[in-house]
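Here is a short briefing on charged side-chain pairs. It covers who pairs with whom, and how buried the partners are.

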Amino acid sequence: MPHFSPSRTAGAAFAAALLFLAACSPEKQSEAPKAASTERMVAPVLLTEDAKDIHSYARPEIARVTHVALDLVTDFDARRIGGTATLDIQAAEGAREIILDTKGLEIHSVTNAEGQPLPWKLGPADENLGAPLIVQLNGADQIRIAYKSAPDAAALQWLSPAQTAGKKYPFLFSQGQAILNRTWIPTQDSPGIRQTWEARIVVPAPLKAVMSGRNLMPEGEEVEGDGRAFHFEMDKPVAPYLIALAVGDIAFQSLGPRTGVYAEPSMLKAAANELADTEKMIDAAESLYGPYRWERYDMIVLPPSFPFGGMENPRLTFLTPTMIAGDRSLVSLIAHELAHSWSGNLVTNATWADFWLNEGFTSYIEGRIMERLYGPERAAQLVELGWEDLNAEIEAMEGGMDSPDSRLHIDLEGRNPDDGMSGVPYDKGAALLRTIEAAVGRERFDAWLRGYFDRHAFQPMTTSLFLEDLRTHLIQGNETLEAKLDLQEWIYEPGIPDNAMVLRSRGFRDVDAAAQGFGTGAPVASLGFPKWNSAQRVRFLNALPRALPPERLAELDTTFGLSRSTNSEVLFAWLRLAIANRYEPAVPALERFLTSMGRRKFVEPLFEALLAEDEWGRPIAERIYARARPTYHAVTSGTIDALMEAEPEEEETAAR
C-alpha cells in the first residue's frame with residue numbers, strides 16, 4: 001500500500017473546499033445536526049462560590065450550554081479542523097448574552113437556528129484562558145458558530161506518517177484536559193458545565209475517525225471528494241474536556257462483550273494481548289461500586305507522542321503505547337482509567353482546584369480493582385511506590401511539606417490548571433480515602449462510596465459538597481470519628497497528616513535489603529531480580545544509592561539488560577539512576593527513550609535530572625530536546641520548554 005498522499009485523498013483543495021462550505025454555505029449549515037430536536041438529559045450547574053470556575057469565562061448563572069453538535073472537516077495539509085458547532089442554550093429569564101471559551105479559533109459567523117446572524121465579539125485574550133466569545137442571544141435558544149481551529153491548536157496533535165507505527169498514513173488525536181478543548185470547540189470549557197454532544201467528522205479516505213461517544217457508523221459514509229464521514233453521539237452529560245477525537249489508520253479487535261481495543265494495525269495484536277483482562281476489571285469495579293453506566297468500554301492505543309499514560313474519555317480511553325510491556329505488568333494503568341468511569345466521568349470536579357476529587361478517588365479505586373484481580377500484595381506494592389513518590393515530590397517542592405501545592409484543595413488563581421497536576425491529588429487523595437476506610441471499616445466505607453456515586457451521578461462535585469455528603473452519610477454526627485479523621489488538615493493544609501494510613505508491601509522488604517546489600521558490595525548474582533515483578537524491580541532501582549561506581553552500574557545493565565528493557569517503568573527507573581551517576585553508557589538508551597515517546601510522566605523527570613547535572617547533563621538535554629521537541633504534544637513540550645528556560649521556536653511550534 002502506498003504512503004499517504006494528500007493529493008490522492010482529501011488534500012488541500014478538497015479539505016479547504018469542505019471547510020469553506022462548512023463555515024460559510026447556508027445550504028451546508030442547514031444540513032448540520034439539529035441539536036434541539038431531541039429531549040436530552042441536562043445536568044445541574046453548581047452556582048456556589050466554591051464552584052465558580054476561574055479557568056472559564058462562562059457565566060452559567062446567566063446562560064449555559066447544554067448540548068454541542070459538531071459538523072467538522074479535518075484538513076491534514078493545513079493542520080486545521082473546521083465547520084460548525086451548534087449549541088443548545090439554557091438561559092435565565094432576560095438573559096441577553098452567552099459567554100463561551102475559545103483559544104485561537106478563527107470565527108467566521110454566529111447565527112441562530114434559522115440562520116439569522118447574531119452579534120458577537122471576542123474579548124481580550126489571556127495566555128492561559130484564551131479569549132471569551134460573547135454572543136448576543138436576541139432570544140435564541142440555539143446558536144451555530146462557523147469556525148476553524150488554528151494550526152497550532154494545543155488540543156490537537158497532527159502526526160506525519162513517519163511519526164506513526166505504520167509509517168504510511170498521518171494521524172490526529174486530541175487531548176482536552178484540562179482547558180485545551182477550547183482550541184478546537186467553541187463551548188463553555190468548564191468541568192462544572194456538563195454537556196451532551198454529537199458529531200459528524202469528515203476525514204480523508206482511507207482514514208477512520210473514532211470519538212469518545214457512541215459510534216453510529218463505524219465504517220463511515222462516503223462523501224464527495226474521496227472523504228468519509230463518521231457520526232457519533234454522547235447522550236449523557238459530560239464535562240467538555242472529555243470530548244475526544246482520533247483519526248488515522250485504525251483497526252479494532254474485540255476483547256469481550258463490551259470491551260475492545262483500537263490501534264494501528266501493526267500494534268493491534270500486542271495491544272489486545274496486553275489488555276485481555278479488561279472485561280474482568282469492569283466486573284470487579286461493578287461488584288464494588290455499582291453498574292458501569294457508559295454501555296461500552298473501548299480503548300485506543302495512540303502513537304507514542306500521546307502526553308499521558310491514559311486519558312479517561314468516556315467509552316474510549318486513550319492510552320500510551322508505553323503501557324505495552326508484553327507481560328501485562330503495567331495494566332494498573334487500565335484499572336486507573338477504568339475507575340474514572342465512576343470518579344471523574346460520572347462524578348466530576350466542578351473546578352480544577354478540586355482535581356483531587358477526580359484523581360484521589362480514582363487512584364483509590366485503582367488499588368481496589370488491582371487487589372480484587374491480582375491480590376493484596378501486588379496492590380500494596382503499587383500503592384507503596386506511589387506513596388514514596390508522593391513524599392519525594394512534596395519534599396522537592398518549594399517549601400517542602402509546607403508547600404501550598406501539597407494541599408488537596410489547591411489555589412490556582414492566575415495559574416494554568418496543569419500546575420495542579422502533581423502526585424498530590426492522586427496519591428494524597430487516595431491516602432485520605434484509605435485513612436477513612438481504615439477508621440470506619442471497609443464494609444461501611446464501600447457502602448458509602450457506592451452511594452456517593454449513585455447520589456451524584458452525572459453531576460459536578462466540590463470539596464465542600466464531598467464533605468457534606470461524607471458527614472451526612474458516613475460520619476453521621478460521630479464527633480470522635482470526625483476528630484480522628486482530621487479532614488480540615490487533610491484537605492486544606494499542606495503536607496501529609498500524621499494519621500495517614502500507609503499501606504506497606506511485605507514483598508518490598510526483601511527488595512530493600514537486596515538494594516542495601518548491592519550498594520555495599522554484594523555480588524549481582526545474589527539478586528533475585530529475574531524473579532521479581534515489575535513493581536519490585538522499580539523499587540530496587542529506586543532504592544539503590546544515587547552514587548555507584550560505573551563498574552557496578554555496568555554489572556547491573558549487562559546482567560539484566562536494563563538499557564534494553566521493554567518495560568517503560570523499569571527503563572525509566574534505570575535511566576534516572578544512570579543520570580544521577582552520570583553513567584555515559586546509558587546515554588544512548590536515554591536518547592532512544594526520550595525521542596521515541598512523549599509521555600510527560602517520563603519526559604519531565606528525565607530532563608529535570610539531566611539539567612540538575614549542570615555541565616554534564618545540560619548539553620545532553622539540549623541535544624536530545626532539539627530532536628524530540630517536534631514530536632512532542634504541546635502538553636509535554638510546554639512543560640519542557642519551561643524547564644529549558646527557552647521560548648519555543650516558531651518552526652518548532654508549527655511542527656507540533
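**Salt bridges in the predicted model**

Arg59 and Glu61 form a salt bridge, with 2.4 Å between the closest N and O atoms. The model is predicted. A search of the whole structure finds 41 salt bridges.

**Arg59 and Glu61: accessibility**
- Arg59 has a relative accessible area of 36%, so the residue is partly exposed.
- Glu61 is partly exposed, also with a relative accessible area of 36%.

**Arg368 and Asp446: a link between helices**
- Arg368 pairs with Asp446 in a salt bridge, the closest N and O atoms being 2.8 Å apart.
- Arg368 belongs to helix α6 (residues 356-374) and Asp446 to helix α9 (residues 442-455), so this pair ties together parts that are 78 residues apart in sequence.
- Arg368 and Asp446 are both buried.

**Asp641 and Arg629: a link between helix and loop**
- A salt bridge joins the side chains of Asp641 and Arg629, at 2.7 Å from N to O.
- Asp641 sits in helix α20 (residues 634-644), while Arg629 sits in the loop between α19 (614-628) and α20, so the pair ties together parts that are 12 residues apart in sequence.
- Asp641 counts as buried because its relative accessibility is 9%, under the 20% cut-off.
- Arg629 is buried too, with a relative accessible area of 1%.

- Arg214, Glu233, Asp235, Lys236, Glu295 and Arg315 belong to one network, joined by salt bridges that share partners.

How values were computed
Residues are numbered from 1 along each chain as its sequence is written. This is a predicted model: local features need pLDDT of at least 70, side-chain atom pairs count only at pLDDT 80 or more; totals for chains, interfaces and linings use all residues. Side-chain values use heavy atoms; hydrogens and water are left out. A salt bridge is a side-chain nitrogen of Lys or Arg within 4 Å of a carboxyl oxygen of Asp or Glu. Buried means under 20% relative accessible area, exposed over 50%, partly exposed in between (1.4 Å probe, protein chains only). Helices (H or I, at least four residues) and strands (E, at least two) are DSSP runs, numbered from the N terminus.
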